[in-house]
Amino acid sequence: MRSLSLLSYAALAGAVPSETLRSRDGCTFTSTKDLASGKDSCTDIVLDGIEVPAGETLDLTDLQDGTHVTFQGTTSFGYKEWEGPMISVSGVKVTVEGASGHLIDGDGARWWDGKGSNGGKKKPKFFAAHKMNSSSITGLRVRNTPVQGFSVNQAYDLTLQDISIDNSDGDKEDGGHNTDAFDVGSSDGVRILGADIRNQDDCLAVNSGSNIEFSGGSCSGGHGLSIGSVGGRDDNDVRNVHISDTSVSASQNGIRIKTVYDATGSVHNITYADITLDGITDYGVVVEQDYENGSPTGDPTDGVPVTQLTLRNVQGSVDDDATNVYILCASGACSDWDWSEVSVTGGKKSSKCSNVPSSASC
């Protein structure tokens, strides 16, 4: 009996390292405390109904190469006036996805006051996808971000696919403001595919970077598909952006490119193709080189030229008191444009356009 007992004990002891290894490969966390202490030894992370404490980031930075992260259940956040981000992810070959039925609930109404990041309550930014390389974020369902949604910065070869952001609860007086869906900066090779966005600011804003794709999207309630504002940052060049197969509805603008007054930089090789517009309240298409402190001056400058701008099959309507197309370029600062099948109707024709390239019309 004694020898059998020792044999059984030895077998059990031999099995422990194998079980420990499996638990480290696959980890389910239900609190940020457990995540902080365990994420470094896990490559398959499940976040199950985590309630993130007030003023704390759900920290998924510096993950092991090849880590897989799944949001499961409802992820919620405590209330505090702070800068955020509420979630931060970085790493190489990282996959982030949402499980069936999950929700990431920012509960932004607790912060909303109609001022966004321009005053009032200090509001946390939502999701920092910084230094994510050869990685993907797929199928996340997000509701009510306090201000800006996904910040993509210093990323290389990153795909964001089938992401839904519903901030429509903020469509009210003193509601959501500056709730950009995707802000892209200083990145190369970013693809945003199949996004479904309801917000109160840019659906997409590319402030710097190269080889950016946005396609198959639906944008409602915000400020449209934007390049810029470009200028006044450390990185002021936007190159090789392709935006296609996307609808923009009930928004201030459809297509917008804005560069900063008296700044330097470049906007080069930008394509908008197969874009449909409906219910646009300000401008169907707007390109202006006169932004200063976030507002137009009416006096364009040539330090950030807009070159090789292609619009192809851009169709739709604006409200009757909106402007169909507005182009305000400095002399010689907008060139090599190629516009075809552009038909924006329903609004006013601008009398204030200047230095419009020959293939475009205003």
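**Entry 1: Ser210**

I looked up Ser210 and found this residue in strand β19, residues 209-215, where strands (E, at least two residues) and helices (H or I, at least four) are DSSP runs numbered from the N terminus. I was working with a predicted model, in which local features need pLDDT of at least 70 and side-chain atom pairs count only at pLDDT 80 or more, while totals for chains, interfaces and linings use all residues. I also noted that residues are numbered from 1 along each chain as its sequence is written, and that side-chain values use heavy atoms, with hydrogens and water left out.

Is Ser210 buried or exposed? I noted that Ser210 counts as buried because its relative accessibility is 19%; buried means under 20% relative accessible area, exposed over 50% and partly exposed in between, with a 1.4 Å probe and protein chains only. Setting aside residues up to four places away in sequence, I listed Ser187, Asp188, Gly189, Arg239 and Asn240 as touching Ser210, a contact being heavy atoms within 4.5 Å. With Asp188 there is also a polar contact, side chain to side chain, at 3.1 Å. For a polar contact I used a pair of N or O atoms within 3.5 Å; within protein, one must be able to donate a hydrogen and the other to accept it, and residues adjacent in sequence count only if both atoms are side-chain atoms.

**Entry 2: Lys123**

I then turned to Lys123, in the loop between β9 and β10, and recorded that Lys123 counts as buried at 7% relative accessibility. Which partners does the side chain of Lys123 reach? I found a polar contact with the side chain of Asp113 at 3.1 Å, and the backbone oxygen of Gly119 is also reached at 3.1 Å. Beyond the neighbours within four places in sequence, the residues in contact with Lys123 include Trp82, Glu83, Trp111, Trp112 and Pro146.

**Entry 3: His102**

I placed His102 in the loop between β8 (95-98) and β9, and noted that His102 counts as buried at 4% relative accessibility.

**Entry 4: aromatic rings**

I counted rings of Phe, Tyr and Trp (its six-membered ring) as a pair if their centres lie within 6.5 Å, with planes under 30 degrees apart called stacked, over 60 edge-to-face and the rest tilted. By this rule I recorded nine aromatic pairs. Why is the pair of Phe126 and Phe150 edge-to-face? The ring centres of Phe126 and Phe150 are 6.0 Å apart and their planes stand at 75 degrees, so the pair is edge-to-face. This pair links distant parts of the chain, since Phe126 is in the loop between β9 (103-105) and β10 (127-138), Phe150 is in strand β12 (residues 150-153), and the two are 24 residues apart. I found Phe126 buried at a relative accessible area of 0% and Phe150 buried at 1%. Ring pairs join Phe77, Phe126, Phe127, Phe150, Phe182 and Phe214 into a cluster.

**Entry 5: the whole chain**

I finally looked at the protein chain as a whole, which has two helices and 30 strands, and of its 362 residues 49% count as buried. The C-alpha atoms fill a box of roughly 100 × 40 × 30 Å, taken along the principal axes.
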